[in-house]
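The sequence and the structure are shown first, and the description follows.

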Amino acid sequence: MASKICVIIPAYNAEETIGPVVSGILEYVSRVLVADDGSTDQTARIAAEAGADVIHIGKNRGKGHALKVLFQRTADEGYDAVISMDADGQHDPKEIPRFMAAHGAAPNDIIVGSRMREHGKIPRARFNSMHVARFYISIAANQFIEDTQCGFRLYPLALIQKMKLTQDRYVTESEILIKAGDMGALITSVRIGAVYGSHGSHFRPVMDVAYITAYIISYLMVKFILEGLSSDRYFTYSKNNFRDRIGRFKTIDRIFKIATVLTILPAMVLFWLMYVLLPPFIKNNFASMRKLKCGYFKITLVSNMLPFVLIIIILEKLLSLAGIRFRYIDGFIEKFYPNLWEKN
Ligand SMILES: Nc1nc2c(ncn2[C@@H]2O[C@H](COP(=O)(O)OP(=O)(O)OP(=O)(O)O)[C@@H](O)[C@H]2O)c(=O)[nH]1
Ligand SMILES: [Mg+2]
């Protein structure tokens, strides 16, 4: 039997784009649900006029919270899967059938749109941070995910219900991929076009990247400890585990993240020693790392290089202000943060 699917859109101050986005989508699916997240403009009215059902979230609480509200509502209504799309027109409704087809072939997978082949169309700084993020998110999710930051996705709701989502704003979408992959689920990519233009963005390149990074680091730290101290353990996530319980308390979660960020570099060296020295006692520890194309040493090395990457980026920015264009970092990032699973 075909899955019951609808489209969900978390929207915040998107009055200029939401109308055509909703009507474009309605050519492919019969129901669009928009979560209006405390917009101060006409987003809700225009979405409703274009034919969407609108959930009103009184106060702005961020994309992650809106997604969670939309997951809950659609699950209660008996949908099997949802397609999430952005309100700002960066996702083309014409590509919806490709997500449906991928879902038909793999109904239990999360299907993620990938813009990574559209290199030239993505601002370089964004592309670089997407490249580094996918390196670590892929490690945490036990598989290569081409584009970990794309909001155009298809989620099977039964899978979403197997995880507790504790993160907010732009971190939730990374959290979903990591937890799904680290539970054994598969994540399939479909190529989509990248649209970057004059649309407004709410994404804050420094703060939101920092939040995502802190979450990934805090997640990996626990994964490495669990895998390092057990045999043949590939998957470390289960609902309501220790990490989920920490996530429930915002302050403790924040302290935990800061502590892991401050200690990750020496910890990576310690993990590398555990990787080299413990196997006689703990057979096949770091099981998911041992399946990768490179040794754990390389991951330790590139992680410890991250502060230098940051310094080079800052230097290049300063030089460009002085009119000197010097782009060493792009090639560096592509070389040192590769796809560790198969050929690109
Ligand atoms: N519900 C809700 N949705 C949001 C919020 N911020 C952004 N969104 C939605 O999330 C989607 C993506 O947000 P953007 O700010 O464009 O982020 P992005 O697409 O990752 O970044 P760019 O590539 O720079 O556009 C859009 O549909 C927004 O309407 C928010 O605070 N609440
Ligand atoms: Mg956008």
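In this predicted model, α7 and helix α8 (residues 207-228) pack with their axes 9 Å apart, at an angle of about 25°. Because angles under 35 degrees count as roughly parallel, α7 is roughly parallel to α8. The crossing of these two helices is right-handed. On the α7 side the contact is made by Val171, Ser174, Glu175 and Ile178, and on the α8 side by Tyr211, Ile212, Tyr215, Ile216 and Tyr219. By class, this contact of α7 with α8 has seven nonpolar residues, one polar and one charged.

Helix α5 contributes Arg124, Asn128, His131 and Val132 to the contact, while α13 contributes Ile329, Asp330, Ile333 and Glu334. The residues of this contact of α5 with α13 divide into three nonpolar, two polar and three charged.

From α10, the contact takes Leu265, Met268, Val269, Trp272 and Tyr275; from α12, it takes Tyr296, Phe297, Thr300, Ser303 and Asn304. Seven nonpolar and three polar residues make up this contact of α10 with α12, and no charged ones.

| Helix pair | Angle | Distance between axes |
|---|---|---|
| α7 and α8 | about 25° | 9 Å |

At the level of domains, the assignment of the chain gives domain 1 (5-200) and domain 2 (209-336). Taken over C-alpha atoms, the centres of domain 1 and domain 2 are separated by 25 Å. Their contact takes 26 residues from domain 1 and 24 residues from domain 2. On the side of domain 1 that touches domain 2, α5 and α7 (171-181) each supply at least two residues. The largest share of that side, ten residues, comes from α5. By class, the side of domain 1 that touches domain 2 has eleven nonpolar, eight polar and seven charged residues.

Turning to the strands, seven of them form an open sheet of mixed pairing, in the order β3-β2-β1-β4-β6-β5-β7. β3 (53-57) and β7 (187-191) stand at the edges with a single partner strand each, so one side of each is left without a neighbour in the sheet. Direction ignored, neighbouring strands of this sheet are turned by 25° against each other on average. Within the sheet, strand β5 (residues 110-114) pairs with strand β6 (residues 153-156) in the antiparallel sense over two bridges. Ile111 has Leu154 of β6 as its bridge partner. Helix α1 (residues 18-25) lies across β1 (5-11) and β2 (32-37), and runs at about 160° to β2.

Key. Residues numbered from 1 in each chain as written. Chains lettered and ligands numbered in written order. Predicted model: local features only at pLDDT ≥ 70, side-chain atom pairs only at ≥ 80, totals over all residues. Contact = placed C-beta atoms within 7 Å. Helix = DSSP H or I, 4+ residues; strand = E, 2+ residues; numbered from the N terminus. Nonpolar A, V, L, I, M, F, W, Y, C, P; charged D, E, K, R; others polar. Domains from an automatic or database assignment. Pairing = 2+ DSSP bridges. Axes fitted to C-alpha atoms, helices over the stretch in contact; angles between N-to-C directions. Parallel < 35°, antiparallel > 145°, perpendicular 65-115°, else oblique. Left-handed = near helix turned anticlockwise from the far one by under 90°.
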